[in-house]
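Could you walk me through this protein chain?

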Amino acid sequence: MAVWTRACKTGLLELLLRERWVRVAAELSGEALSLTAEPGGGGGGGGGGEAAAVNGVVNGNAEAAPGCVRRVRVVKAEAGGLGISIKGGRENRMPVLISRIFPGLAAERSGALRLGDAILAVNGVDLRDATHDQAVQALKRAGKEVILEVKFMREVTPYIKKPSLVSDLPWEGAPPQSPSLSSSEDSGSPQHQGPRDRKVIPLKMCFAARNLSMPDLENRLIELHSPDSRNTLILRCKDTATAHSWFTALHANITALLPQVLAELNAMLGAGGATAGSREVKHIAWLAEQARLDGGRQQWRPVLMAVTEKDLLLYDAVPWTRDAWASPCHSYPLVATRLVHSGSGHRSPTLGSELTFATRTGSRQGVEMHVFRVETHRDLSCWTRVLVQGCHAAAELIKEVTVGCTLVGQGVQLCLHYEDGFTISREEPGGSAILFRYPYERLKMSADDGIRTLYLDFGGPEGELALDLHSCPKPIVFVLHTFLSAKVTRMGLLA
C-alpha cells in the first residue's frame with residue numbers, strides 16, 4: 001500500500017448540531033479531529049450581563065467574585081418556567097448548584113446567574129441544608145417572581161456539566177480493544193479552570209464524504225461518518241476552496257491509518273488458526289453504494305468493502321470481532337466477480353462528475369450488480385487495481401472449479417481448470433471416464449440461457465454441447481471469464 005503523508009490543519013468551521021450551525025475551532029492531527037465550540041458560536045451558557053436594579057432588588061453581576069452572596073430577581077414568563085437545572089443537595093454532600101441554564105428562558109434573561117452558583121435561599125426559604133428534592137419543590141412553589149440568594153463556587157464548576165453541544169456528540173464505533181472515541185482534555189479535575197465544550201474524534205476507519213447525506217449546492221460541506229455507521233458529522237466551510245482543503249486533509253489522514261487497520265484485522269482473523277488466516281484481508285475502505293428506492297429513485301449510502309484472497313465482502317459497520325467479520329451483508333467470490341465499469345459518471349454541473357465503478361457477480365440467482373462511488377481519483381485507481389488483481393490472484397489460487405450437470409441425459413461433471421481448460425467426465429464403477437477434454441484455445445463459442453443451460457462449442461465432431469447445470473449457469477460463466485482474463489494478463493497480452 002502507498003505511503004501517505006498525514007496532514008495537520010487548524011481553522012474555524014461550522015458544525016451542524018440539532019438543526020442549527022455551531023461555530024467550532026477544528027484541529028486536525030494525524031489520528032484525530034478535535035472540535036471545540038467557539039465562545040458565542042451557538043453553544044449554551046449562563047450568560048453574564050450588567051447589574052440591573054429592579055424594584056429595589058439588585059441583580060448581582062454574574063461575574064462576581066467567588067464567595068460573594070448575590071440576590072437575584074427572576075421573573076418567570078407565562079410559559080417556560082425558571083429555566084434552570086440543579087445538582088447536589090445534602091444527600092450528595094454538596095450545596096444545591098445550578099448545573100444548566102436554558103437559553104431563552106427567565107434565568108438566562110436575568111443575565112445574573114451562572115453555572116456553579118450555589119442556591120442559598122429561594123424567596124427567603126433557606127436551602128443551605130436542603131436535599132435535592134426539597135430544593136426542587138422550593139423552586140416549583142416560588143411563583144412567578146423568584147428572589148434567589150446565590151453564591152458562585154468556582155471550586156465545583158469542573159463538576160458541572162456545561163450545557164454543551166459539541167462534547168455531547170454521540171460518536172461510537174471504536175474497536176473493543178481501543179480507547180473510547182470520546183475524549184477531552186477536561187478530565188473534571190478541580191485543577192482545570194472550567195470545562196471546555198470539546199470533542200475528539202479518532203479518524204481510524206471513519207468515512208469522509210461529500211454530498212452524500214444531504215444536498216450541498218454550495219459545495220461547502222464535509223461529512224464524517226463513524227466506523228459503526230450510526231453517527232454522522234456535517235461540517236460547513238466558508239467557501240469551496242476551504243472545503244476542498246479540509247476534505248483532502250481528512251481523507252489523507254484516514255487513508256494513512258488503513259495499514260494499521262489491515263494489520264489489526266489480519267491479526268484478529270489469524271488468531272483463530274489456519275482457517276481464518278487463509279482469508280488474509282488485502283484491502284478495506286469505506287465507499288458509497290448506489291441504492292434504488294421505491295419509484296425508481298436512487299440514493300447513495302455508506303458501505304464498507306473488504307477484499308480478501310478469495311472474496312469480496314460488504315459490511316454496514318467495521319467488523320472488529322471475528323463474529324462480526326463472519327457476518328457480512330454480502331459475500332461474493334472474486335473468481336465469479338468482474339469489474340465492468342470504472343470512471344466518471346455525471347451529476348449536477350455545479351458539483352462536477354462522480355467517480356464510480358461497478359461490479360457484476362454470477363450467482364445462483366443470476367447476475368448481481370453493484371455500483372459504487374469513491375471520493376477521489378486515487379481511490380478509483382486503487383479499487384480498480386485491487387479488484388482486477390484480486391480476481392486474477394483468486395483464479396490462480398483456486399485453480400479448479402467443478403460442477404455436476406447433465407449432458408444428453410447422462411450425469412456428468414464439468415471441470416474448469418485454470419491451466420488445463422475444460423474436462424467433461426462421467427463417474428463409472430472403475431473410476432472417472434473422460435468424455436471430452438479441451439484447452440481454452442479450442443473454445444469457439446460459449447453461451448447460456450440464463451436459467452440452467454450452458455452451451456460450449458469446441459469445433460469438434462460432437463458439435464455444440466448443451467450442459468444442464470440444474471441451476472443458473474452464471475457462476476460458471478463468470479469463473480470462465482475470470483480464468484481467461486487472468487491467463488491473458490499473465491501472458492502479457494493485456495496491460
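This is a predicted model: local features need pLDDT of at least 70, side-chain atom pairs count only at pLDDT 80 or more; totals for chains, interfaces and linings use all residues.

Me: How many helices and strands does the protein chain have?
Reply: Let's begin with the whole chain. Buried residues account for 47% of its 495 residues. Its secondary structure comes to eight helices and 29 strands.

Me: Among contacts between residues at least 6 apart in sequence, what percentage join residues at least 24 apart?
Reply: A contact here needs heavy atoms within 4.5 Å. Taking the contacts in the protein chain between residues at least 6 apart in sequence, the share that join residues at least 24 apart is 53%.

Me: Which residue caps the N-terminal end of α3?
Reply: Look for a side-chain oxygen that lies 3.4 Å from the backbone nitrogen of Ala241. That oxygen belongs to the capping residue, Asp239.

Me: How far apart are the end C-alpha atoms of α7?
Reply: Helix α7 covers residues 377–398. With 22 residues at 1.5 Å a residue, α7 should span 32 Å. The value in the model agrees with that: 31 Å.

Me: Are α7 and α8 roughly parallel or roughly perpendicular to each other?
Reply: The axes of α7 and α8 (residues 474–490) come within 9 Å and cross at roughly 100°. Angles of 65 to 115 degrees fall in one class. The two helices are therefore roughly perpendicular.

Me: Is Met205 buried or exposed?
Reply: Met205 is found in the loop between β12 (198–202) and β13 (207–209). Its phi is near 65°, a positive value in a residue other than glycine. The cut-off for buried is under 20% relative accessible area. At 2% relative accessibility, Met205 is therefore buried.

Me: What is the phi of Asn211?
Reply: Asn211 sits in the loop between β13 and β14 (221–225). With a relative accessible area of 19%, Asn211 is buried. Although Asn211 is not a glycine, its phi is positive, at about 55°.

Me: How far apart in space are Arg114 and Arg100, C-alpha to C-alpha?
Reply: Arg114 lies in the loop between α1 (106–110) and β9 (117–122). It is buried, with a relative accessible area of 18%. Arg114 and Arg100 are 14 residues apart in sequence, and their C-alpha separation is 8.4 Å.

Me: How far apart in space are Ala32 and Asn253, C-alpha to C-alpha?
Reply: Ala32 belongs to strand β3 (residues 32–37). It counts as buried, at 13% relative accessibility, and its contacts beyond four places in sequence include Val200, Ile201 and Pro202. Asn253 is one of the buried residues of α3. Though 221 residues separate Ala32 and Asn253 in sequence, their C-alpha distance is 8.6 Å.

Me: Which residue's backbone nitrogen does the side chain of Ser226 reach?
Reply: Ser226 is in the loop between β14 and β15 (232–236). It is buried, with a relative accessible area of 1%. Its side chain reaches a backbone nitrogen at 3.3 Å, and that nitrogen belongs to Arg230.

Me: Which residues does Leu465 touch, not counting those up to four places away in sequence?
Reply: Leu465 is found in strand β29 (residues 465–468) and is buried at 4% relative accessibility. Its C-alpha atom is separated by 9.5 Å from that of Ser446, 19 residues apart along the chain. The residues it touches are Leu407, Ile424, Phe436, Leu454, Tyr455, Leu456 and Phe458.

Note on methods: Residues are numbered from 1 along each chain as its sequence is written. Side-chain values use heavy atoms; hydrogens and water are left out. Axes are lines fitted to C-alpha atoms, for helices over the stretch in contact, and angles run from 0 to 180 degrees between N-to-C directions. Helices (H or I, at least four residues) and strands (E, at least two) are DSSP runs, numbered from the N terminus. Angles under 35 degrees count as roughly parallel, over 145 as roughly antiparallel, 65 to 115 as roughly perpendicular and the rest as oblique. Buried means under 20% relative accessible area, exposed over 50%, partly exposed in between (1.4 Å probe, protein chains only). A polar contact is a pair of N or O atoms within 3.5 Å; within protein, one must be able to donate a hydrogen and the other to accept it, and residues adjacent in sequence count only if both atoms are side-chain atoms. The expected span of a helix is 1.5 Å times one less than its number of residues.
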